[in-house]
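Here are some notes on the two-chain model you asked about.

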Amino acid sequence: MWSFSEIAKNIDLWLNDLVGSTWALVLEMVIAGVAVIGLFAALGLVLVIMERKVAAWIQIRLGPNRVGPKGMFQSMADTVKLLVKEGMTPDGADRLLFNVAPFIAMIVAMLLMAPIAFAKDFQLWDMNIGVLYITAVSSLSVIGILMAGWASNNKYSLLGAMRSGAQIVSYELSGGLAILAVVVLTGSISLTDIIKAQENGWWIFKGHIPVIIAFIIYIIAVTAETNRAPFDLAEAESELTAGFHTEYSGMKFALFFLAEYINVFIVCAIGATLFFGGWMPLHIGNWQAFNHIMDYIPSSVWFFGKTFFLIFLIMWFRWTFPRLRIDQLLNLEWKYLLPISMINLLLVTLIAILGWHF
Amino acid sequence: MYRETEIIKDAPQFGEPGFGDLVINVGPQHPATHGVLHLIITLNGETIKDIKPNLGYIHRSIEKMCESLTYRQFIYVTSRMDYLSAHINNHACALVVEKGLQVEVPERAQVIRVLFDELTRIASHELWWGAMAMDLGAFTPFFHSFRERETINVIMEETCGARLTMNYYVPGGVMWDLHPDFQKRVKDFITLYKKKIHEYDELVTGNIIFQNRMKGIGYISPEDVISYGCTGPVARGSGVHSDIRKVSPYSIYSKLDFDEVLETGGDSFARYVVRIKEMHQSIKIIEQLIDNIPEGDFQAKTKAVLKLPKGEYYQSVETARGELGVYIVSEGGTTPYRIKFRSPGFSNLSALNHMIKGGKIGDLIAAMGTLDLVIPDIDR
């Protein structure tokens, strides 16, 4: 069966033959780095055009339709435009922090890419603390935003950063607790183990209602964590013009923009991994023939299919819901989501101990 | 240019009043002010302590301009005041001139005028609905409301030749007769509207986030409505009987069957509901008239040069935003000696500080959306 793992294995063998094991490792590192950056750029382009097309579809219009077939190259044209634009730094800004902030946002998004399994046996870094790593690193994204808001020396930016700080820190809690539900069921914080545990069925089907609740809480929390509508208070176009990136332009703005989309991809990938079995095909109990047919679909297709389904869900939220107010946003987290996810975690633990899950 | 140290030196120290306040200029260029409105807001964290509207960015001295134009000409300048209800502005001016000249407007012209007024009201409320949802962060409603508004604009374009500043009314009637397709187009619009209006409730009105953002926010009591001089949906949202079409009917409104929409909530949601229900009432009026447009002249015979007798004339109409009053002092010449417009937006804006003080930034934007401000109407 054609798959990423075969390609990776063949490249590994070929390099070992060619230059010996040490240099092969170095070259593989370089290839992995280039691949991540390439994936990054490709994902950015694909997600931006997808967002615009989804928005257009929901808003009864056509969306970009001039550049390339059906406007598919529109985001490339936009990238070129952003690249050649002047990178302004405002006079009153803290130059160092202002220029570093977009890169921090970007690097955090890049780091999160590491433990994700894109296909069967195809993972940049199969670490045994995958879930812990993800929750730890994703908290760092607030630093880039706070830095940008503070360094811009703009009141709108400061308010946006302030909101974003409160928002990301609080939603991390219920997001983390929702992830814990799956960790408790699996008994491992390695993403590989979590995927393996879903061989006979995804957690969303196996874990009864508590896991479905955990999934809903996870989706709400990550929408808030990635600052997407209806929780886009950090940007809040109609209130704070553009929030924390009001003063950014050109490529520095593009980096924030890209980081947002990559973050959306990553949280959806993690959601797909935890609740929908990552690259695992859909298997239903004893239906041998059905399971066999499902196995023929490449694992990467399964992974990207699930991830893009979740991304579509998050885009759908953005184009249909109005924005929450800051106090309502925090109320929702601290008064509703956090208690619910705590009780939910207890329920999941009970299910896991008693072995009620399938 | 200020250095940072200088800014810090001026700021109040700890313990002094105003410590920790943040003064922000919302506008004149801001996505939520829908024009060049400038609000100087004082914030403490996210809480609004004070709002000072700063006007005049789009002041074109329309009143002064009107004083040097003849009674036929000055009507068209008023299209540029509240550009979303251009027909209704023109109606007020035409009525006041007719009052001075003692002209009897033909029945057909009156019906045409009311039809266009109500179409304008719907178009204006459609745009308000989309823009207000956009203020709340929902982008999609804007496109859905423009789908219906576009149909109205096509109707306007066919008969009047313009889509925004129509300039269709003249003293004594309307400029020319209806387009032959008018009735069919309007009926098509009514069908479309009735088919699609439920989307408005599904997409926005019934949304839990929307209701939480609206209910109990921006409250204004009926007493305050009267003391601030608010009119239109803002006043009726607080239960104040203020529809000029009912209070002092003009044209043929006294013969028509429609209800004045009154809500008693006084909050942003009540103002929202008033406008939504007003669209239904306008449809009701159009349905009554569209099959009963009387035959006859569309314009009364008037002299080529109009001269208002010496005296003072006043006429108010109900625009989409509230009461528009036109006050003319005539010295008997061909141009007005003094003209004064009482615009609804100005009074409605003055209540903003009272409504929002102590709320959050999000509340300010939401409540400002329900005031339905058109900035050229405020500045003139």
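Does B:Val170 count as buried or exposed?

1. B:Val170 counts as buried, because it has 24 C-beta neighbours inside 10 Å, and 20 or more is what it takes to be called buried. Keep in mind as you read on that this is a predicted model.

2. Where does B:Val170 lie? Look for strand β4 of chain B, residues 169-170. If you set aside the neighbours within four places in sequence, the contacts of B:Val170 are B:Arg72, B:Ala94, B:Met175 and B:Gln299. As for B:Asp257, that residue is 87 residues from B:Val170 in sequence, and the C-alpha atoms of the two are 26 Å apart in space.

3. Now for one of the sheets in chain B. Strands β6, β7 and β8 of chain B make an open sheet in that order, with antiparallel pairing. From one strand to the next, the twist averages 10°. Helix α4 of chain B (residues 86-101) packs on this sheet and touches β6 and β7 of chain B. The direction of that helix makes about 150° with that of β6(B).

4. How many bridges join β6(B) to β7 of chain B? There are 8, and the two strands run antiparallel, with β7 covering residues 323-330. If you want a pair to check on screen, B:Val317 stands opposite B:Leu324 in β7(B).

5. Chain B has another open sheet of 3 strands, in the order β1-β2-β3, and its pairing is antiparallel. Strands β1 and β3 of chain B stand at the edges with a single partner strand each, so one side of each has no neighbour in the sheet. Neighbouring strands here are turned by 20° against each other on average, direction ignored. Strand β2 of chain B (residues 38-44) pairs with β3(B) over 7 bridges in the antiparallel sense. Within that sheet, B:Leu39 stands opposite B:Pro53 in β3(B).

6. On domains: the assignment for chain B gives domain 1 as 4-54 and domain 2 as 62-379. Their centres, taken over C-alpha atoms, are separated by 33 Å. The contact takes 12 residues from domain 1 of chain B and 17 residues from domain 2 of chain B. Which strand gives the largest share of the domain 1 side? That is β3 of chain B (residues 47-54), with 5 residues. By class, the domain 1 side that touches domain 2 of chain B has 7 nonpolar, 3 polar and 2 charged residues.

7. Next, the contact between the chains, which takes 30 residues from chain B and 25 residues from chain A. On the chain B side, the elements that give two or more residues are β1 (22-26), α5 (107-135), α6 (140-160), α8 (208-214) and α15 (361-371) of chain B. The chain B side that touches chain A divides into 16 nonpolar, 7 polar and 7 charged residues.

8. Stepping back to chain B as a whole, you have 16 helices and 8 strands. The radius of gyration of chain B is 22 Å, close to the 21 Å that the globule rule gives for 380 residues, so chain B is as compact as a globular protein of that length. Along the principal axes, the C-alpha trace of chain B spans about 75 × 50 × 40 Å. Buried residues make up 48% of the 380 residues in chain B. Of the contacts in chain B with a separation of 6 or more, 70% are between residues 24 or more positions apart.

9. And chain A? Its secondary structure comes to 15 helices and 2 strands. The radius of gyration of chain A is 21 Å, close to the 21 Å that the globule rule gives for 358 residues, so chain A is as compact as a globular protein of that length. The C-alpha atoms of chain A fill a box of roughly 65 × 55 × 45 Å along the principal axes. Of the 358 residues in chain A, 44% are buried. Residues 24 or more positions apart account for 78% of the chain A contacts with a separation of 6 or more.

Methods:
Residues numbered from 1 in each chain as written. Chains lettered and ligands numbered in written order. Predicted model: local features only at pLDDT ≥ 70, side-chain atom pairs only at ≥ 80, totals over all residues. Pairing = 2+ DSSP bridges. Helix = DSSP H or I, 4+ residues; strand = E, 2+ residues; numbered from the N terminus. Axes fitted to C-alpha atoms, helices over the stretch in contact; angles between N-to-C directions. Contact = placed C-beta atoms within 7 Å. Buried ≥ 20, exposed ≤ 12 C-beta atoms within 10 Å, placed from the backbone. Rg over C-alpha atoms; globule rule 2.2 N^0.38 Å. Domains from an automatic or database assignment. Nonpolar A, V, L, I, M, F, W, Y, C, P; charged D, E, K, R; others polar.
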